Amino acid sequence: MAKPAFTHDPSATAAFAALGSTPPVVGPGEHLRAVVIGGGTGAPVSIRTLLSMGLDTAAVVAMADDGGSTGVLREEANVTPPGDVRKCLAAMAADPTDPLTRAFKYRFPFAGNHTLGNLMLSALEDAAGSFPEAIAICERLLGAQGRVYPSTLDRVTLVARTRDGRELEGQAVACHSRTALERVTLRADRSIEAYPPALEAIRKADLIVLGPGSLFTSIIPNLLVPGVVDAIRASQASTLFVCSLADMQGETWGLTAREHVEALMDHGLRGLVDYLLVHTPVPLRPDSPAAGVFGAMTGAEPEHASTSGLDDAELSGRIRPVRISYHDVQAIQAQGPVVIARNLVDSGSPTWHDPQALRDAFSGVLKLCRSRQR
């Protein structure tokens, strides 16, 4: 049988379509703004969940991507990295089943494995004269229910230091590090400036959601853009960090949920994370072992990782759950964040969030936000 000419770029948000039939949690006349900060395939999961709840949702997206189709376009066409913006735009689409929305995610194996959305954004950036205008055109074409903002329009390169002291340059290299990362920075030929509408969206937010997704290469790069952390601090929003379910790429290899939170704090968010949402398959008690003890998780590709170049055997052996223990919960809460630990895994795809479980958890956080004054 001949291989299909077009492949559908995978998205964990397909399972979230059922949430469209659930009533919103935002009441009539209530206007709440949410901003998702991240990138990759993790941020769209939060986007679809928040939209189903009836929140006015925007996304602020990292611009350090230099791998795959995006990397080729960035180097050969000298365009702004389109890949993470494309994924968030598709998640914002009014009708995920619309032919244009589906085609927007098509990938072309016979043409450098580019996606139509990446090519459209890059071509429109040239034709319209700016990347924000290219995004705005695609928002209109897809009937986007929210706005997508790059965190910066400057050409930035991610530089990482691993926990064993090596320096890695480039997002694609860093995310596949042999050992976990300790710190990341952004490098540019000139002073890096934030995209002003992104900062304005953050300042006006009622809820800021970080992740899920690759911690050091999708979430933290946004925080490294000057002004982003200050905008979070200036907002009246509560900040929720959605910890990934599993590790597969090297950047967080073996790190616990507590170490994920500490990495955020070390990159500017100390005192600014209000809630941590983390998966645990069992109730956490003082005498319970760490949930997510290392061992291969089988199932579909995690929402925040790339499986490029891995066969099934390698894939099942490289996916490990992010661990959390009762004592870690106590240590995290001693630093400020309220920990919400519950079973969040989709039973049919154990490396993906269960849509209804995630929505219920977000709804619980929203109730806490309403009753809490910062």
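What is the volume of the second largest pocket? In this predicted model, that pocket has a volume of about 300 Å³. Its lining is made up of 18 residues. Those that lie nearest the centre of the pocket are Asn 78, Leu 153, Asp 154, Arg 155 and Val 156. Sorted by class, the lining residues of this pocket are seven charged, six nonpolar and five polar.

The next topic is the aromatic rings. The structure holds two aromatic pairs. One of them joins Phe 108 and Phe 110, whose ring centres are 5.8 Å apart. The planes of these two rings stand at 65°, so the pair counts as edge-to-face; the cut-off for that class is over 60 degrees. The partners can also be described by their accessible area. Phe 108 has a relative accessible area of 12%, so Phe 108 is buried. Phe 110 has a relative accessible area of 56%, so Phe 110 is exposed.

The other pair is formed by Tyr 149 and Tyr 195. Here the ring centres are 6.4 Å apart and the planes meet at 45°, which means that the pair is tilted. Where do the two residues of this pair sit in the chain? Tyr 149 belongs to strand E6, which covers residues 147-150. Tyr 195 lies in the loop between strand E9 (181-187) and helix H8 (196-203). The two are 46 residues apart, and the pair links distant parts of the chain. Are these tyrosines, Tyr 149 and Tyr 195, buried or exposed? Tyr 149 is buried, because its relative accessible area is 12%. Tyr 195 is buried as well, with a value of 16%; the cut-off for buried is under 20%.

Notes:
Residues are numbered from 1 along each chain as its sequence is written. This is a predicted model: local features need pLDDT of at least 70, side-chain atom pairs count only at pLDDT 80 or more; totals for chains, interfaces and linings use all residues. Side-chain values use heavy atoms; hydrogens and water are left out. On a 1 Å grid over the protein atoms alone, a cavity is a set of points where a 1.4 Å probe fits but cannot get out, and a pocket is an open set with protein on both sides within 12 Å along at least five of seven lines; lining residues have an atom within 4 Å of a point. Grid points are joined across faces, edges and corners, and a volume is the space filled by probe spheres set on the points. Ala, Val, Leu, Ile, Met, Phe, Trp, Tyr, Cys and Pro count as nonpolar, Asp, Glu, Lys and Arg as charged, and the others, Gly among them, as polar. Rings of Phe, Tyr and Trp (its six-membered ring) pair if their centres lie within 6.5 Å; planes under 30 degrees apart count as stacked, over 60 as edge-to-face and the rest as tilted. Buried means under 20% relative accessible area, exposed over 50%, partly exposed in between (1.4 Å probe, protein chains only). Helices (H or I, at least four residues) and strands (E, at least two) are DSSP runs, numbered from the N terminus.
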